Amino acid sequence: MTDVTGAPSPVSRIAAAVNALSTPAKALIGVAIVAVAFGFGSGLMLDVFFWEVFITGLLAGVMYALVALGFVLIFKASGIFNFAQGVLALFAALTLVGFQTGQIPFAHLINAIFGTKVHHFSDTGLPDVFAILATLLVMIALAWAVVHYIFQPLVNQPPIILFMATIGLAFVLEGTGDLMWGANVKVLDVGLPQGPSDTIIDATGMFLDKLELSAAVVAVVLVTVLTLFSQYTKMGRALRAVADDHQAALSVGISLQTIWWIVWSVAGIVALVAGMMWGAKSGVQFSLSLIALKALPVLMLGGFTSIPGAIVGGLIIGVGEKLFEFYIGPSIGGATENWFAYMLALLFLLFRPQGLFGEKIIERV
Amino acid sequence: MFYREAGEFKTSYAADHATFPIGFDFWRFWVVVGIAFLVVPFLINDYWEKAILLPFLIYALAAIGLNILTGYCGQVSLGTGGFLAVGAYACYKFMTGMDIHIPIGGGEYWSLILPPLNIALCVLLGGLTTAFVGVLFGLPSLRIKGFYLAVATLAAQFFLVWLFNKWEWTYNYSATGQITAGERDLFGILITGPNTEPWATYLFCLTFLFIFGWAARNLVRGRIGRQWMAIRDMDIAAEIIGVNPMAAKLSAFAVSSFYIGMAGALYFAVWNGAAEPTESFAIDKSFDVLFMIIIGGLGSITGSLIGAAFIVLLPVVFKNLFVGVLGWPTDIAEHLQIMTVGLLIILFLIKEPHGIASLWGTMKEKLRLWPFPY
Amino acid sequence: MKHADVAEAAADDRAYAHAEIDHGLNTRPIGDTLMEMRDIVLRFGGVTAIKGVSFDIKEGEIRAIIGPNGAGKSSMLNVINGFYHPQEGEVWFRGKKRGPLKPHQIARLGIARTFQNIALFKGMTTLDNIMTGRLTAMKRNLFWQALWAGPAEQEEIEHRAAVEKIIDFLEIQHIRKIPVGRLPYGLQKRVELGRALAAEPRLLLLDEPMAGMNVEEKEDMCRFILDVNDEFQTTIALIEHDMGVVMDIADRVVVLDYGAKIGDGTPDAVRQNQQVIDAYLGVSHD
């Protein structure tokens, strides 16, 4: 009821005016804006570059959405805004590469302490399937430790304290990951196709990366599975109950610890998938953890509690930043991708503080 | 036994709300200040200046700034790095002098030609410029709260760093994209540039910290501080008892950014002598300062100082211990240090959300009754 | 307490009150209209919380707002202090029609309140909490505040003196320097009253000041409310569920049910009102 409280500010007055319009009127205005934009860009419509940028943006958006999804899952079930999601993806990718190549965890540390020279337990490493399975187990164990040692003692703390705790967790994971597997840049290859797709070039003249296309497919599958899981399984129902009201969920016999463990495990698995995609794209290194920073504006746009929001938000930001960079970027110096998403989200939030699909915030006294 | 308030009776409200109501604290504080101003300058050398004392003083100033915003007013900000950059670049522009020409129509320009200004003034102006920018990026706080706001402040971080990368005027069109502090003096004593004396830069920064630390302490115990804390603890109730949320939040952003801006100016001009946006003011600076106030104590001026000392000293200790004594590779020491910081953050949030400052308070409580705890 | 007991106690009190008036002991002046609500309508989306309610509050009186749960009492209080803005109707305060002011502006007009669920500033001490009640009266700007010595300190001391009077009045000297988060519920309620009093309001709104208290604490709170009204001539509007208390201390009572006004008058008159009896004893609404 933020519109009711306090006398209206100029911004909220405009927002209120927009809200006051009937739905068809809103739709008309929306269509008008889009039509004008496309009128200006009608030349673009026929331009193959425009579509290439547009689709590259969409594909990047899918990758953002993939990371954002991990955030939404944890936020819905525990009210924790998990800043460590990006580092979780880095950690997962590092672990996967470690198993694939047969590294011994903490080799550097062991060597430093004991003066030994261990580094690999096997020259060939584990086969991909076993490496992925082993990484999954690590992520699930990690989820247990995180819930048990960090968030159980912090139950009932204000959300902002939990948020700061996840920043701490991000640092712990970053340090641990580097200590376990070394900080050098690693190549991750799980057999995903690479390089520009020839069939698409032949058909349309657009350069699209096969890896990005397959990432999009994986993301779509993952989202579908998660949605089905949360809508149609008993566990999913419990999960939504916890999201709605911790106390009430407890009182009907749902174990918070177990639910949180599951949620963090799922988030860990999503992180593993995201880490695999991004790692295959640009190598496994520290910068991989920064994709979390890309996912944050996606969340602000889509709302922290909505899975469709994460996807739509990801797509909007992916397309928006690529188009902005391509058409406006050169005139203001380029490299606008770093902040464009944030500015977009910020402007958007001024009009709709709860995001596109978020639940309306009701204030009471 | 050693530390007690028995026998201390307050006879006026002024004595009761004093910063150090207990005589022992009062004297100890002034002894520390005395040593800092009168003894340390004679002992200081280059290593202590560049590796420990200057970073401590400068980060302490930034931590006080962020603590005003986050610890006192409850608005979490991750944009500290960006605001440090504003302070640094503003200071640079005022140091080198500027010509500003703003077209006012009809081919006419409104022109302002500023000569290079005195370094102390530049630092203050750097702070004021940052205060202005801080208010701009604080505007969303009127509509959004909590970690929505924290994420929104990241916009400041990324946008400002990008701006100083791309906007050539801010770095005087230098080919490297770096800004470098030329030689500037105060009363004939060099403060910036490569040929400074350790004691001079130290005293310069210490004076800033002392004056503005004191001012911050006064702000948080008076009307304005209570407004901030009221907003932090329960914003709706605060508004209903008559706190104007806009004034309270924006004043917190302004004051906080003013401090961070001064810290940025000192960081660039006095400590490092040079800066460029992507490395010097990256997002890890934002985290560093946030960690200082979490570990030191949210909502405590003393805590800001303790936290700054802690985060500045930790890498030094780790490096000396693991690399110097044990002979381990540097990167392992670094990773261990990152891990330790993370663990400490979590530990403090769980065990002692008010940081070391409150641990200290608890210890004093116990000491007061020692050796008879009942 | 059984109903018979309550009625008996109330009858006693009434007799005592009449005796007071008869002997000229109760000389509380009830003045002109301080605040008037005219046809207030408040909607949240499709729900209408208040349906065209009008009533007035006279200077110096204790006005009670009662009604079953969900009757719109708290919403009415929120309208009075500007937290909610009614879609229809007018609010008149001190003879003037009040515009759409923000809550903090309304606080400056001289309206203070307490909350149903305590809304103290948990991180601050009792003293600081009550000092926040003086915020609207304090003027020194940022510069003087930072300098402290001089005008700012002077101002602080003046207001501290006023706050200490309230602390004495509410008998909470011993918890002056304790963070309010650590205080028991009853004391927190008292501190909250103190914070509202510190603003020296013309109109004091109390949202269930006695909810969740034991008999002893209720008696204390009643005493404070009556004393405030008596000593500072503060006009009080209060919501309370304890009928014994309401009938005892209120001068006039307005009764809400499902967002509409169903009774208004002296405690005695309201007690006789058939609609009110129905609402409380649960006659079906069809």
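The following legends describe close-up views of a predicted model.

**View 1. The largest nonpolar core and Ile345(B).** The largest nonpolar core holds 304 residues. Within this core, Leu61(B), Leu266(B) and Ile345(B) touch the most other members. In soluble globular proteins, nonpolar side chains tend to be buried together.

**View 2. Helices α10 and α13 of chain A.** Helix α10(A) covers residues 210–232, and helix α13(A) covers residues 256–282. Their axes come within 10 Å and cross at roughly 175°. Angles over 145 degrees count as roughly antiparallel, and the two helices α10(A) and α13(A) are therefore roughly antiparallel to each other. From α10(A), the residues that take part in the contact are Leu211(A), Ala215(A), Val218(A) and Leu222(A). They meet Val270(A), Val273(A), Met277(A), Ala280(A) and Lys281(A) in α13(A). By class, the contact between α10(A) and α13(A) comprises 8 nonpolar residues, no polar residues and 1 charged residue.

**View 3. The open sheet of chain C.** Chain C contains 11 helices and 10 strands. Six of its strands form an open sheet with mixed pairing, in the order β6-β7-β8-β3-β9-β10. The edge strands are β6 (111–113) and β10 (260–265) of chain C, each of which pairs on one side only. On average, neighbouring strands of this sheet are turned by 20° against each other, direction ignored.

**View 4. Strands β7 and β8 of chain C, with helix α2.** Strand β7(C), residues 203–207, and strand β8(C), residues 235–239, run parallel and are joined by 5 bridges. Leu205(C) stands opposite Ala237(C) in β8(C). Helix α2 (residues 73–80) of chain C lies across β3, β6, β7, β8 and β9 of chain C. The direction of α2(C) is at about 150° to β7(C).

**View 5. The side of chain C that touches chain B.** Here 35 residues of chain C are in contact with 25 residues of chain B. The elements of chain C that give two or more residues to this side are α3 (103–109), β6, α4 (126–132), α5 (142–147) and α6 (151–169). Helix α6(C) gives the most, with 6 residues. By class, the residues on this side of chain C divide into 19 nonpolar, 7 polar and 9 charged.

**View 6. Burial and contacts within chain C.** Of the 286 residues in chain C, 43% are buried. Among contacts in chain C between residues at least 6 apart in sequence, 69% join residues at least 24 apart.

Technical notes: Residues numbered from 1 in each chain as written. Chains lettered and ligands numbered in written order. Predicted model: local features only at pLDDT ≥ 70, side-chain atom pairs only at ≥ 80, totals over all residues. Core = buried A, V, L, I, M, F, W, Y, C linked by C-beta atoms within 7 Å. Buried ≥ 20, exposed ≤ 12 C-beta atoms within 10 Å, placed from the backbone. Axes fitted to C-alpha atoms, helices over the stretch in contact; angles between N-to-C directions. Helix = DSSP H or I, 4+ residues; strand = E, 2+ residues; numbered from the N terminus. Parallel < 35°, antiparallel > 145°, perpendicular 65-115°, else oblique. Contact = placed C-beta atoms within 7 Å. Nonpolar A, V, L, I, M, F, W, Y, C, P; charged D, E, K, R; others polar. Pairing = 2+ DSSP bridges.
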